[in-house]
Structure formats: structure tokens, C-alpha cells
Amino acid sequence: MSARRVTSRDQAGDAILDLFKRDTTQDAPVDPTQRLRVGIIGTGWIAAAHLQSYLAMPDVDVVAGADLVPGKADAFFKAHGLEGVRTYLSHKDMLDNEELDAVSVCTYNTTHAECTIYALEKGVHVLLEKPMTVTLDEAVAVCRAEKRSGKVLSIGFQPRFDPNMRKIKEIVQSGLLGEVYYIQTGGGRRKGIPVPFGTSFIEKDTAGIGAVGDIGCYSLDMVLNAIGYPKPLTVTGVTSAYFGTNPGYYRHHPEYAEKFGVDDFAAAFIRLEGGITVDFRIAWAMHMDTSGDTLILGTKGGLRIPSTECWNGTVGGAMKLYFDAAGSPMEAEVPILESPPSLFDLKIRTFLDAVKTGGPAPVPSSEILYNQAIIDAICKSSKLGREVEVVIPEID
Ligand SMILES: NC(=O)c1ccc[n+]([C@@H]2O[C@H](COP(=O)([O-])OP(=O)(O)OC[C@H]3O[C@@H](n4cnc5c(N)ncnc54)[C@H](O)[C@@H]3O)[C@@H](O)[C@H]2O)c1
């Protein structure tokens, strides 16, 4: 099977890179005077980052919020000095009673799909936190609801706005690496099961999936976005939970071990359309400083992307390019580029602009669907103990 050439069709399919490259004089103009009424579903940890970014936008009124826990939404808005924001005890109550332009879905993973689908059915644009969903079936249902609604749905991958991430894509798309045929990616933390604010990331009922979805989705996006999101074909995956289920792991909360119902490690061998292989691993906890840098191998060059200690979807240091010139192997450093002050503000701003212009979504669900399909296949393969075929239904 021949390796896959990254084509201009791939470039055309990438809304994010286009945001920074395209001739903006051709875009539908963004009306700065148009105000948008925004609601927040789920007022936990990440909702605070959404709210702060919305408050920094001059054209947004945050008018409503919902949380299942009585009093939580009220306390949330009060803590941010906001008065008069109407609060509800579920996404349905809020969406049935409010006239909203857009919502942020900031709930734990297992309610991403139902909240997003309900909002889209009510004709409301959605910014959905990552991972898109827990299962592929849910992701397909979300995409179908998006298609039926004609509304904007963007998925919350703020690392996409990091200039270093864009540089990776630019390097691949420039042809410098030739045909990409192998990728090693993933990342890991020495001790980083996310329990600083409770157990919603580790309980099956709320998280659904663990490290494989929480940070695995970022590392998959880093490379799949760069190569134009080719279709996944087959996956052999394993997941495990040796750290999360050990009471000794948690210094102050040994009882969390009983609650741990997801994975804290995953590894996979993924075949993509075009003859590309992805060798993937991700860990919330491990007895190792890093599970390895990300490597992209092409027929003309290779790219090494250093991992970070606390893996959160970012580039961990200067990247290195490997290639032949004048008959000799050469190396060149790609220095780290300074990031804008808030990637989160960019995630929110590009979503709001897409709402105003009618799209395209800054991080389209059509791409993240493939990301979710791989995560789903890793979990299925691990359960079955064998390779699985990735079958993605039509979005009708
Ligand atoms: N983009 C990022 O950098 C980033 C960082 C952290 C978390 N996240 C993602 O954000 C999501 C939320 O994470 P968190 O740490 O804020 O979780 P959290 O548990 O602190 O908050 C989630 C809240 O959603 C509420 N909720 C659940 N279902 C609801 C519903 N149907 N209606 C109303 N409220 C509902 C819960 O009661 C809870 O208060 C997760 O999917 C996580 O992966 C993203």
C-alpha cells in the first residue's frame, strides 16, 4: 500500500488553518454591533474559563446558566460578580425557557451528547467541550442533529489556536516531509489523574472514558489535523487502570479508588486511509517522565515534537526537522512561537464570529468525529482483545 500524499483537498477541508490564511475580504462580514445572548450548561470547573472569555467579549450578554446541582449555577455567577443571570436545574429547563443565540456545553462527558442535541434541536448554536462525546454512536447522533439544525457546532480544542500547532500543520502541508507514512504520538503525566475538584473525571457515570478521551483526544488532534484527518480504518487498542484503582495513589482521598471507573492509560496501533500508521499512547499516570515525543515520519523528512511533562495538548519545546540536503542528513530547529495571551479567548471569539456569519465552525465536528471514532475503537478493541474495524455511519 502506498503512503498517502497530503493534498490541497485536505487543506481546503481545514477551517482552522484557513482562519489564519484565507483572504478575509471574501468572508461574510462579522457585524460588531450584533449582540449575542449566551447560556452556559454545566457550571463546574471549565465553565469558569468560558465565562471569563465571554465576559471579555464586548458583544456578548451571558443571560442564563444551568447546573443539575441545586444552587451551583447561582453560586457560580455570584462568584464572578454577575447579577441577573437566570439559572436552571437542567439544560432542558434553560433551553425551554430562554431565547438564546448560543450555548457552551461545559458538562461532564456523559451528558455532552444529550445537551448538545437538545440545544441544536432548539435552534441554538453550540460550543461543545472536548472530548466531543463518550462513544462514536453519540458523536454520530450529535453530527446528525447539527446537520438537521443548520446551526454552528464547534468542538472545544483550544490548542488548535496555538501558533506552534499551526506550524506543525504548515510544515506537513508544505510538502517538506513528503508523504507521511508513520506517526508516533501521545503523551503522559507522571501523576496527573484529574481529581482536584472532585471525581467527575474518574467515575464511569460522569466521565464515561478516562485518559484516552480526556487528553488522548488532544494528541490525536495534534497529528490528525496536521495530516488532514484521514479516515481511520482499523484499531488495536488496550486500556488499563492500575493507578486510579489503587487507594495508595490518592494522598488525601483513598476512597477515590473505589469510585474510579475509567481508564488511566491507553495504547493503540491505528491504521488510517492512505497507508498511514499511528502508534499512540496516553497516560494520566505512569512510572516514567514521558511516554515519548511525537514523531511524524515522511518520505522526505521527519518532524520531532517534544512532549510536555503535564500533557495538555501543547508543544513541549522547540521542534526538530530531519531531512537530507546535498546528500547528507541534516537537522533544523523550529523555534517555539509565542502563543497569544489566551487561547481560550480565541476559541470563544472564533465560535462567536462563526455564529454571526453562519459558519464554518472553527473546529468542525466532521473532523472530530474521526477522533472520537478512534477513541471508541480503542475502548472496543481493548474489551474484545482484538483488532476492530472502524465503521462510521453516514451522517444523514
Ligand atoms: N478545554 C479544556 O481545556 C478543558 C479543561 C477541563 C475540562 N474540559 C472538559 O469540560 C467538561 C467539564 O469539565 P469540568 O471539569 O468543568 O467538570 P465539572 O464536573 O467540574 O462540571 C460539570 C458540571 O456539569 C453539570 N451538568 C452535567 N450534566 C448537566 C446537565 N444535563 N444540565 C446542566 N448541568 C449539567 C454538573 O452538575 C457539573 O456541575 C469535560 O468534558 C472536560 O473534558 C475541558
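Q: Which residues in α8 meet M222, N225 and A226 in α11?
A: Contact here is a C-beta test, with the atoms placed from the backbone and a cut-off of within 7 Å. Helices are DSSP runs (H or I, at least four residues), strands are E runs of at least two, and both are numbered from the N terminus. On the α8 side, the residues meeting that trio are M165, I168, K169 and V172.

Q: Is this a predicted model, or what should I know about numbering and confidence?
A: It's a predicted model, where local features need pLDDT of at least 70, side-chain atom pairs count only at pLDDT 80 or more, and totals for chains, interfaces and linings use all residues. Residues are numbered from 1 along each chain as its sequence is written.

Q: At what angle do the axes of α8 and α11 cross?
A: The axes are lines fitted to C-alpha atoms over the stretch in contact, and angles run from 0 to 180 degrees between N-to-C directions. Helix α8 covers residues 163-173 and helix α11 covers 216-226, and their axes come within 8 Å. The contact itself has 5 nonpolar residues, 1 polar and 1 charged. The crossing angle is roughly 35 degrees.

Q: Which sheet strands does α11 touch?
A: The sheet is an open one of 9 strands with mixed pairing, in the order β14-β13-β12-β11-β7-β10-β9-β8-β15. Pairing takes at least two DSSP bridges between two strands, and β7 (residues 180-188) pairs with β11 (residues 294-298) in the antiparallel sense over 4 bridges. The direction of α11 makes about 155 degrees with that of β7.

Q: How many residues does domain 2 give to the contact with domain 1?
A: The bounds, from an automatic or database domain assignment, are 12-159 + 344-364 for domain 1 and 162-340 + 372-389 for domain 2. Their C-alpha centres lie 26 Å apart. Domain 1 puts in 20 residues, while domain 2 gives 25.

Q: Which elements give two or more residues to the side of domain 1 that touches domain 2?
A: That side divides into 12 nonpolar, 6 polar and 2 charged residues. Here Ala, Val, Leu, Ile, Met, Phe, Trp, Tyr, Cys and Pro count as nonpolar, Asp, Glu, Lys and Arg as charged, and the others, Gly among them, as polar. The elements are α2 (15-21) and α7 (136-149).

Q: Which residues come nearest to the ligand?
A: A residue is near if its C-beta atom, placed from the backbone, lies within 6 Å. Each of the two domains supplies at least three residues to the shell, and helix α3 (residues 45-55) gives the largest share, 3 residues. Of the 27 residues around the ligand, the nearest are G42, G44, W45, T107 and S200.

Methods:
Two residues are in contact if their C-beta atoms, placed from the backbone, lie within 7 Å.
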